[in-house]
Amino acid sequence: MPSATVNKPRPSELLSRLTSAEPEVKVRALREVKNQIIGNRTKKLSFLKLGAVPAVAGILADSIDDVTENNNCNNTNNFLVQSAAALGSFACGFDAGVQAVLDAGAFPNLLRLLANPNEKVVDAVARALRMIYQSKLAPKYDFLQQKNMEFLISLLNSEKETVSGLGASIITRSCETNLEQKALFDAGILRKLNSLLEGGSLSQRDASLESLATVFRNNPEVISKFAGPEIGRPLSSIIDLAKDRYPRTRLLACMCLIVIRNASPHFLQDIGIKTKLIHILLELLDDPGQVGDEAPFAFSSLIAQKEDLQKLALEANAIDKFHHHIKKGSLHPRRYEGILLALADMCSKLESCRTKFLSLQAKPSQSLEPFKALASNGIHTATKPKPSSSRDQELMLASFVLNLVADALTDYNAGVRAAACICLKSVTRSIQKLSAGYFMNETIVIPLVQLFLDPSTSVQVAALGATSNIVVDFTTSKSIFVQCGGMKQLIQLAKSMESSVRSNALWALKNFVFQADNRLKEGVFSELTASLLSSLIRDPEPSVQEQALALVRNLVDGCINLIEFVFAEDGLILGAIGRQLQCASKAEIGIQGMYALCNVASGNEFHREAVMQLLFTQMGDKNQSFVVKFLQSNDSQLRTATVWTIVNLTCPSSPGAPCRLEKLRNAGIVSQIKNMVNDPCVDVKVAIFFIFRISPCENSARAIYGFRGQLSMSVFIHYSEYKRQEILKQLVFQSSSPLFF
Amino acid sequence: MNKLVMNFLVTEGYVEAAEKFQMESGTEPDIDLATITDRMAVKKAVQSGNVEDAIEKVNDLNPEILDTNPQLFFHLQQQRLIELIRNGKIEEALEFAQEELAPRGEENQSFLEELERTVSLLAFEDVSNCPVGELLDISQRLKTASEVNAAILTSQSHEKDPKLPSLLKMLIWAQNQLNEKAAYPRINDLSNATLEDPTV
């Protein structure tokens, strides 16, 4: 079979020609390499592996020497142009290429060549350098050095677009700190960039917008100086560009305005500009290229954490528009990811947005899909069902759009999978929908649980986040989750090497067992085992310790039998709690630990004595018991938790109470608490009230005004002793309310 | 009006006409006429089926164009394959498809469908009569040529479409709108642009 490429040299052959003594052969080979790699990532990689970059960098270096020795000009320029273009192409959008170019020492040579008299050489070199500066691997530019700043200014002042463009991309890449931003402002760079905005070409305007955004980022001082005495005129040129005819310019202008908005409370806050930005970004979604891919990310940066903007966006039908784009299918993964994250931001705070999202319809052809979900909720689907109630109808509608999300959970792209989980996490913050059982179904749970084994850690963590919300399901049973192996998987993940995976898995477990029935809790505990749980309490990472303690708190809450967990295997867990509380590195650990002890102490005498012993293990040491430390903490939740624990230990119905009270008094704890009668935090005062019912005191009683919407103080006093005990018993079961992600 | 004409000549690439027009009317072109020659050479190469030559010329003009335009690069590679098949070089075409086109599909999943369409040309004995036969039309070459032209213009910060056709479209639309509201002298034949009185 004749070789089709008999005229085409093999890559290795080409490479050897690069070192040929004959200039003709050499330059032809160089040009051939360049033409093979441009646009072709696969070829870039294979030539890279063969060592092409050092060879080309060598040619560049040699040609510079020829320039200085004034050798054959045309030929030399040709070599310079071709080698610079080749190096630039290696570096274009290809980090391994950038690294290779830097490693080959070509960077300083390229910089020197910017001063070359030949235009084509300068163009090629400037482009190559710009490719390098588009990468994270670019060498850091030190703006604070005078000569560097002067060099940068000379670049920006150049007539040539390629050179001024290089100057702008250096700023965009390297300017990071407030100090650097200020230095750039002081050197008059912003004025120069602004003039490029108004009088420059398309590419100069775009480059300028990016650089300005970089200099403005998180720097209200520079922004107000820029917008300064001309009262918003420079800003108005950016605002005008948001309506430019070119989509990329519109996008970059919007991104710049958003940076300004987010950094400074004084600018661009009126409803007009907010609405305008929303509309422009939503319209940019229609662009089929990279601009449309990036638009949803810009949208997210505009609305994230901002309820007023989310409301405006809802009114502008943002959710419908995003949904319309997802429905179209075959999305570029970047765009898919961006839209899912934008939907996540939209639904992060407002119930109205979540309701809107869940009420979206799908295409008619998708009408069969949702019935899978309905079947698992126990609704019979022999024929196409007519929803009998509005709730069923709602469920059916919701399942349409949840199918879309479920599809994204199984996408081949990791970023898309993670974004789908984050979107789900936002939507599942809806307590109303959780209670109605929207999410505990096969369509969502099965793919979600599969993501627990995802190769990407960020996907795992995101899936755990969504799971944490979904398992807080008050009305429907959690059996689907157990059946598809979710619970066992969570426990496996609690053993992960990654601390973020461990702590998030524990968070999900904590929510899973919140007010769950005893059987479920026993199942979790026996799978988890006391030794694993106690080692997690003693985990090196504080966030893991905190979640492990919170899990214990929720496990032992409610029924006395469950309290036995902490005594299993010679009190492994109880011991771990005690040791961890001694050296708690942050308040949250103390809070969860104390509430766990509080719940243990709500059991029987044996339990209370065990807790007592734990609290006093350090007595007699020069170290105070951590109890006093916690009572004196700045954190009101920690003080509250500690007081409640003591309430339980001194509960009047228990025979050992007076004895324990005496010990506490001797340890100075009672007097410490007496000092807290006027604590600024209501919750603390309420808890203290219950200690002093033993030795009632008018002053302390009056210091408390109504608690937690349950009863007012005066009414409470009139209750019988028995009634008071009942209410007391309820209040001392301090279960952890699930913290929503 | 002169600017419109110049804009048209320059965007479409009629260098000599543009030069002549510049001399006669004194209208300045909004782009360096030297670059037009380079751009036209590329366009002509594609239209003649010399895709490899076109690629080399584009890369000499501005290496960034193909490096940052995966869709255009794919279409040029696709055209190369089509030309190989047209010339009956089936072995070479197969190898080219494997070495050059398949990686594009790997790098970018959205190209897979079109890739498959093009490669399916190889499966047919009589290519001019197969379902994807239109790929062999000259119109396909023109499509690719036009895409390259637009990309070069954009890289030079010039608009890729001439203003004149859009203006004519607007004229027709405006006249259609006006038809329902008034009687007025209108242009019915764009090629001679005579104003015709409204029919009574």
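How many salt bridges does the rule find across the interface of chain B and chain A? In this predicted model, the rule finds seven salt bridges across that interface.

**The interface of chain B and chain A**

Chain A contributes 29 residues to the contact, and chain B contributes 26 residues. The area buried between the two chains is about 2,200 Å², and carbon and sulfur atoms give 42% of it. On the side of chain B, the residues that lose the most area to chain A are Glu64(B), Asp67(B) and Ser157(B), which together account for 23% of what that side buries.

Polar contact between chain B and chain A involves twelve residue pairs, both members being at pLDDT 80 or more. Four helices of chain B each supply at least two residues of the side that touches chain A: helix 4 (51-61), helix 5, helix 6 (70-86) and helix 7 (90-107). Of these, helix 7 of chain B gives the most, with seven residues. By residue class, the side of chain B that touches chain A comprises 13 charged, seven polar and six nonpolar residues.

**Salt bridges**

Over all chains, a search of the whole structure finds 36 salt bridges. Side chains of opposite charge can pair when their charged atoms come close.

| Residue in chain A | Residue in chain B | N to O distance |
|---|---|---|
| Arg31(A) | Asp60(B) | 2.4 Å |
| Lys44(A) | Asp67(B) | 2.8 Å |

The salt bridge of Lys44(A) and Asp67(B) runs from helix 3 (residues 41-49) of chain A to helix 5 of chain B.

**Cavities**

The whole structure holds six cavities of 30 Å³ or more. The largest cavity contains about 80 Å³ of space. Residues of both chains line the largest cavity: Ala84(A), Ala85(A), Gly88(A), Ser89(A), Cys92(A), Ala124(A), Arg127(A), Ala128(A) and Met131(A) from chain A, with Pro63(B), Glu64(B) and Asp67(B) from chain B. Helix 5 (73-91) and helix 8 (119-133) of chain A, and helix 5 (64-67) of chain B, each supply at least two residues of this lining. The lining divides into seven nonpolar, three charged and two polar residues.

Key:
Residues numbered from 1 in each chain as written. Chains lettered and ligands numbered in written order. Predicted model: local features only at pLDDT ≥ 70, side-chain atom pairs only at ≥ 80, totals over all residues. Heavy atoms only, no water. 1 Å grid on protein atoms, 1.4 Å probe; cavity = no way out; pocket = protein on both sides within 12 Å on 5 of 7 lines; lining within 4 Å. Points joined across faces, edges and corners; volume = space filled by probe spheres on them. Nonpolar A, V, L, I, M, F, W, Y, C, P; charged D, E, K, R; others polar. Contact = heavy atoms within 4.5 Å. Buried area = accessible area lost by both parts, 1.4 Å probe. Salt bridge = Lys/Arg side-chain N within 4 Å of Asp/Glu carboxyl O. Polar contact = N/O pair within 3.5 Å; in protein donor to acceptor, adjacent residues only side chain to side chain.
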